[in-house]
Amino acid sequence: MDDDGLPAETEPPVSEELQQRGIDFLQGLLASGKVDLDRFEKALDALLGARTHADFAWVVRSLPPPVEFTPPARRRQEPLEISTSMGDVRLEGRWQVSRLTRIDTGMGSVTIDLSQAEFDDWDVEIVVHTRMGAITVIVPRGVEVRPVGRNGPVNTALEPPIPGFPVVRLSATCDMGTIHVMHPTETRQRRRRWPRRRRKTKPRPSTD
């Protein structure tokens with residue numbers, strides 16, 4: 001059974017696209033020195049051998065996390081609450097995402113940038129409301145955003161989440177304005193595609 005109480009065989013199979021995204025994540029860990037080559041090879045074999053999303057998520061969770069996490073001693077026991085009648089709210093850079101974050105504004109834009117944020121948990125909830133203004137939520141690639149509660153029209157073009165990455169439960173409401181959910185706009189370097197089937201090949205004789 002999976003986390004939703006469904007038989008594992010009802011899960012969609014792991015696609016080649018998801019495999020490649022997992023490989024890209026692994027290559028990033030290797031390039032940053034968070035895993036060595038031996039661990040990379042073992043995780044690569046495990047990802048390519050994963051048959052279900054649950055198996056894939058298990059491998060991902062066994063690796064260094066894709067986002068920064070707050071040290072246990074500094075994690076908030078109470079929700080992070082921000083309320084203002086007028087003015088912009090910007091949460092960006094290295095800020096702490098509580099398990100529950102509530103933001104309420106009367107008039108003004110709200111920007112919630114999770115790109116460099118520290119998460120208090122793998123599963124966090126953000127509740128944001130503005131009566132007049134724009135709400136922009138910037139989410140690292142692979143992180144899952146689950147709409148919850150009452151939401152206004154949301155403009156989003158997120159990539160599918162990667163199983164095992166953190167989950168953001170988002171309730172965003174805007175009486176008059178817009179809601180955008182997007183990935184960071186940084187230019188990503190294209191990494192080489194790792195072959196799915198690694199086979200030993202003999203060098204061809206020279207034709208010169």
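# Exercises on a predicted structure

**Exercise 1. Find which residues Ser-85 is in contact with, leaving aside its neighbours within four places in sequence, and then decide whether Ser-85 is buried or exposed.**

Solution. 
- Step 1: Once the neighbours within four places in sequence are set aside, Ser-85 is in contact with Gly-106 and Met-107. Keep in mind, here and below, that this is a predicted model.
- Step 2: Compare with the cut-off. Exposed means over 50% relative accessible area, and Ser-85 has a relative accessibility of 64%, so Ser-85 counts as exposed.
- Step 3: Look along the chain as well. Ser-85 and Gly-108 are 23 residues apart in sequence, and their C-alpha atoms are separated by 8.5 Å.

**Exercise 2. Work out how many helices and strands the protein chain has, and in what order they run.**

Solution. 
- Step 1: Count the elements: the protein chain has three helices and eleven strands.
- Step 2: Read them from the N terminus on, and the order is α-α-α-β-β-β-β-β-β-β-β-β-β-β.
- Step 3: Turn to contacts between residues at least 6 apart in sequence. Of these, 64% join residues at least 24 apart.

**Exercise 3. Show where the buried residues of helix α2 lie, and what covers them.**

Solution. 
- Step 1: Find the helix. With 13 residues (37–49), α2 reaches 18 Å from its first C-alpha to its last, close to the 18 Å expected at 1.5 Å a residue.
- Step 2: Pick out the buried residues of α2, which are Phe-40, Ala-43, Leu-44, Leu-47 and Leu-48.
- Step 3: Look down the axis of α2. The buried residues fall within an arc of 130°, so they line one face of the helix.
- Step 4: Recall the helix rule: an α-helix has 3.6 residues a turn, so residues three or four places apart point the same way.
- Step 5: Search for the cover, which includes α1 (16–31) and α3 (53–61).
- Step 6: Turn to the other side of α2, where Lys-42 and Gly-49 are exposed. For Gly-49, the relative accessible area is 51%.
- Step 7: Finish with a distance. From C-alpha to C-alpha, Gly-49 and Gln-19 are 9.6 Å apart, while in sequence they are 30 residues apart.

**Exercise 4. Decide whether Glu-118 is buried or exposed, and list what Glu-118 is in contact with.**

Solution. 
- Step 1: Locate Glu-118 in strand β7, residues 118–119.
- Step 2: Apply the cut-off. Buried means under 20% relative accessible area, and Glu-118 has 11%, so Glu-118 is buried.
- Step 3: Gather the contacts, leaving aside neighbours within four places in sequence. Glu-118 is in contact with Glu-68, Phe-69, Thr-70, Pro-71, Arg-74, Arg-94, Trp-95, Gln-96 and Val-97.

**Exercise 5. Find which residues of the largest nonpolar core touch the most other members, and which element gives the most to this core.**

Solution. 
- Step 1: Start from the members. The core has 45 residues, and Phe-56, Trp-95, Ile-112, Leu-114, Val-128 and Ile-135 touch the most other members.
- Step 2: Trace the suppliers. At least two residues of this core come from each of α1, α2, α3, β3 (89–91), β6 (110–113), β8 (123–138) and β11 (167–182).
- Step 3: Pick the element that gives the most, which is β11, with six residues.
- Step 4: Zoom in on Phe-56. Not counting residues up to four places away in sequence, Phe-56 touches, among others, Val-14, Leu-18, Leu-47 and Ile-162.

Conventions: Residues numbered from 1 in each chain as written. Predicted model: local features only at pLDDT ≥ 70, side-chain atom pairs only at ≥ 80, totals over all residues. Heavy atoms only, no water. Helix = DSSP H or I, 4+ residues; strand = E, 2+ residues; numbered from the N terminus. Expected span 1.5 Å × (residues − 1). Buried < 20%, exposed > 50% of the residue type's maximum accessible area, 1.4 Å probe, protein only. Arc of directions from axis to C-beta. Contact = heavy atoms within 4.5 Å. Core = buried A, V, L, I, M, F, W, Y, C linked by side-chain atoms within 4.5 Å.
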